[in-house]
Amino acid sequence: MRRRTFLKNGMLGIGALAGLPGARGAFAAPEPAAAGRENRVGEPIIVSTWSHGMAANNAAARILQVSGAGMTAVVRGIMIPEADPKVTSVGRGGYPNIDGVVELDAAVMNGNTLEVGAVAGMQGILHPIAVAEKVMDESPHTLLVGAGAKQFALSKGFTETNLLTDGAKKAWEARRGGLKYKPAGSGADPDNHDTIGSVLMDASGSIFAGCSTSGAAWKLPGRVGDSPIVGHGLYCDSDVGGVVATGLGEEFAKICGSFAVIELMRQGVEPTEAIRQVLERAVKRDGRNKGRLLAMVALRRDGTVGAGSTTPGFQIAVTRGTKHELTDIAPLYPPKKKD
Ligand code: SD4
């Protein structure tokens, strides 16, 4: 495993986060720690998927510094890649469905209370992660989809916006002639990766998780992946740790990937080994999964970070206190070299 240390602090500012309707402010009271779940590490830890996880971690760390509010920090961190048009698998700039429409999925989870909030297949709203938080905090439900999710967001003061950038439209147009939807199980589209997922343990030992994605590029309208489904794309429990997934959502659904990793960790399995066992389960069931992106990162409540990926290229961003690090994860199934 190669390690690369990136700059401390000094990355993306959080100015883009201003003006969110009624969001918990940067100075909101911290969420209460769960009794007996002290942070034995003594400093907050944030782990996120992919290189854009660095910017997310940086923003989250700054929120933690000013308010100590872990859930707010996860949400505000994820909002950075959601707003970045260069990230083609999250928020604005995300690749659209087969009809050229961007549909977004997101979820949040509070590991103290096991409360969750999620939206799926939502169109025209820039920050699905913030809407997911509202679903958790201000609705009696856990998951809202499609037009209902959008209506809920508008009712909470979010505004409608165009999520399809010129770049994403061009990519879709270039593919349109040859686009034929590949049913689940036929392999991940190479354009289909890089969901942002974050797990955070705050100074009190409380654990929070969130993830946000535009899902599979060129998907069928209405397709929902693993990311907004608790237990598939994310899970956290402050007694154990937190997990987020990235890759082919249909395959995580079949094994309840994130929940499976948490339950192995609960039984004492090391985070990296737990992820390996769960990914192996997916590969054992279907050998084609060796060549499809299925990747996960986990944080155990003692501060141990684990990760695994079927294929090469996966990276995780880890922040401990003020130290940010991007780490390449070696694939569990390296592609065979061609002679
Ligand atoms: C999905 N898991 O919708 C998401 C896509 C993804 O990295 O993670 N890409 O299937």
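Strand E12 (residues 315-320) pairs with strand E13 in the antiparallel sense over six bridges; strands are DSSP runs of at least two residues, numbered from the N terminus, and two strands pair if DSSP finds at least two bridges between them. The model is predicted: local features need pLDDT of at least 70 and side-chain atom pairs count only at pLDDT 80 or more, whereas totals for chains, interfaces and linings use all residues. Residues are numbered from 1 along each chain as its sequence is written, and side-chain values use heavy atoms, with hydrogens and water left out.

Leucine 326 in E13 is the bridge partner of alanine 317. Two residues separate E12 and E13 in a hairpin, and glycine 321 in its turn has a positive phi of about 65°. Because five of the six residues of E13 (residues 323-328) are buried, this strand is largely enclosed by the rest of the structure; buried means under 20% relative accessible area (1.4 Å probe, protein chains only).

A side-chain N or O atom of aspartate 226 lies 2.6 Å from a nitrogen atom of the ligand. A nitrogen atom of the ligand is also 2.6 Å from a backbone N or O atom of glycine 247. The protein covers 100% of the 290 Å² of accessible area that the ligand has on its own, by the Shrake-Rupley method with a 1.4 Å probe.

Note on methods: Polar contact = N/O pair within 3.5 Å; in protein donor to acceptor, adjacent residues only side chain to side chain. Buried < 20%, exposed > 50% of the residue type's maximum accessible area, 1.4 Å probe, protein only. Helix = DSSP H or I, 4+ residues; strand = E, 2+ residues; numbered from the N terminus.
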